[in-house]
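Subject: Structure handover

Hi,

Here is the structure to look through. Please open it alongside this note.

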Amino acid sequence: MLGKLLKYDLKWVYKNVVVLYILAIVFSLLSRITKNVESSVLFSVITIVLVISAIFMAVASLVFCLRNLWFRFLKNCYQDESYLTHTLPVKKKKIYDAKAITAIVAMFTTIVVILISLFICFYSKANLENIKEALEIAATVSDTTVVSILFLMFLVFVTEMIFIVFIGYSAMILGHRFNQNKIVKSIMIGIGLYFITQIFSIILVFLVGALNPDIMNFINTDEIVPTSIIKKIMYAGTGLYIFYTLFYYLLGKICFEKGVNVD
């Protein structure tokens, strides 16, 4: 049953996002073609327009993916399709897990498409060398490898987007426990949860900094700090976002299992 839920959820989420994926890739490829045409003002302008269009479509795919994930959860669990959803012979935790897995898969593929589009648009030996040099410096400073830096950057970006999706899920679940203005209250709860999380992160950083002078120096001054500290901060930041994502996943799941108040 989980497989069937995933099938329908993914199909609904991807229904217009796939078009944006295709457009982002097509505009990126066309920009490469026009860039290789003999230099002229006309083709330079066309290339710029195509690159801007590709970036716009890539960003739009991320926005629409997020929108579709939230709308699917809202309509499927609380509005038009809620009666059918909650009368299925499946436990609520399976329904929520399907939404969570859908969010992970959809966000992962969207970010991969964005990276592919950017790579096609901006790839050149000079740009690749500049990025490689910057990454090597970052790897040296943080006492790690370029592969680790790239993996952490990708992991943090994907995790942060999934974290935002799960905050939206939790906010909708909590907002629909009220009898009136459910959507408005869901939005307010979502914004509140996000800012509470960021405030908690800041407080946590300063608490850790109070116990470790090297970390406080990293925050307050331009002094060079040991590479071991930079490495710890990188991994701690990544771990913190993973923790937040798991926390909001569990919060939403626990609240969802307690029952829903459909419109």
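Below are the findings, from the overall fold down to single residues.

This is a predicted model, in which local features need pLDDT of at least 70, side-chain atom pairs count only at pLDDT 80 or more, and totals for chains, interfaces and linings use all residues. Residues are numbered from 1 along each chain as its sequence is written, and side-chain values use heavy atoms, with hydrogens and water left out.

**Overall**

The protein chain has 9 helices and 0 strands. Helices (H or I, at least four residues) and strands (E, at least two) are DSSP runs, numbered from the N terminus. From that end, the order reads α-α-α-α-α-α-α-α-α.

The chain holds 263 residues, and 37% of them are buried. Buried means under 20% relative accessible area, exposed means over 50%, and partly exposed lies in between (1.4 Å probe, protein chains only). The accessible surface comes to about 15,200 Å². Carbon and sulfur atoms account for 73% of that surface. Areas come from the Shrake-Rupley method with a 1.4 Å probe; for residues, only the protein chains shown count as cover.

Contact means heavy atoms within 4.5 Å. Among contacts with a separation of 6 or more, 77% join residues 24 or more positions apart.

**The core**

The largest nonpolar core has 49 residues. Such a core is a set of buried Ala, Val, Leu, Ile, Met, Phe, Trp, Tyr and Cys residues joined through side-chain atoms within 4.5 Å. Leu-69, Phe-73, Met-107, Val-165, Phe-166, Tyr-169 and Phe-256 touch the most other members. The elements giving two or more residues to this core are α1, α2, α4, α6 (146-175), α7 (182-211) and α9 (227-257). The largest share, 11 residues, comes from α6.

Take Val-165 as one example. Leaving aside neighbours within four places in sequence, Val-165 contacts Leu-66, Leu-69, Trp-70, Ala-103 and Met-107.

**Salt bridges**

A search of the whole structure finds 3 salt bridges. The criterion is a side-chain nitrogen of Lys or Arg within 4 Å of a carboxyl oxygen of Asp or Glu.

Asp-9 and Arg-72 form one of them (2.8 Å, N to O). Asp-9 sits in helix α1 and Arg-72 in helix α2, so this pair ties together parts 63 residues apart in sequence. Both residues are buried.

Lys-99 and Asp-9 form another (3.2 Å, N to O). This pair links distant parts of the chain, with Lys-99 in helix α4 and Asp-9 in helix α1, 90 residues apart. Lys-99 has a relative accessible area of 2% and is buried. Asp-9 is also buried, at 2%.

Lys-253 and Asp-97 make a salt bridge too, their closest N and O atoms being 3.2 Å apart. Lys-253 is in helix α9 and Asp-97 in helix α4, 156 residues apart. Lys-253 counts as buried at 15% relative accessibility. Asp-97 counts as buried, at 15%. Salt bridges that share partners join Asp-9, Arg-72 and Lys-99 into one network.

What else does Lys-99 contact, leaving aside its neighbours within four places in sequence? Besides Asp-9, the list has Arg-72, Phe-73, Asn-76, Cys-77 and Tyr-169. Lys-99 belongs to helix α4 (residues 92-122).

**Ser-28**

Ser-28 lies in helix α1. At 0% relative accessibility, Ser-28 counts as buried. A polar atom of its side chain lies 2.7 Å from the backbone oxygen of Ala-24. Not counting residues up to four places away in sequence, Ser-28 touches Ala-54, Ser-117, Ile-120 and Cys-121. Ser-28 and Met-57 are 29 residues apart in sequence and 9.9 Å apart in space, C-alpha to C-alpha.

**A nonpolar surface patch**

Val-18, Ile-22, Val-26, Leu-30, Ile-33, Val-37, Leu-42, Phe-43 and Ile-46 make a nonpolar surface patch of about 700 Å². The elements that give two or more residues to the patch are α1 (2-35) and α2 (41-77). α1 gives the most, with 5 residues. Patches are made of residues with over 30% relative accessible area and no salt bridge: like charges are joined within 9 Å, nonpolar side chains (Val, Leu, Ile, Met, Phe, Trp, Tyr) within 5 Å.

Val-37 lies in the loop between α1 and α2. Val-37 is partly exposed, with a relative accessible area of 32%.

Best wishes

Technical notes:
Polar contact = N/O pair within 3.5 Å; in protein donor to acceptor, adjacent residues only side chain to side chain.
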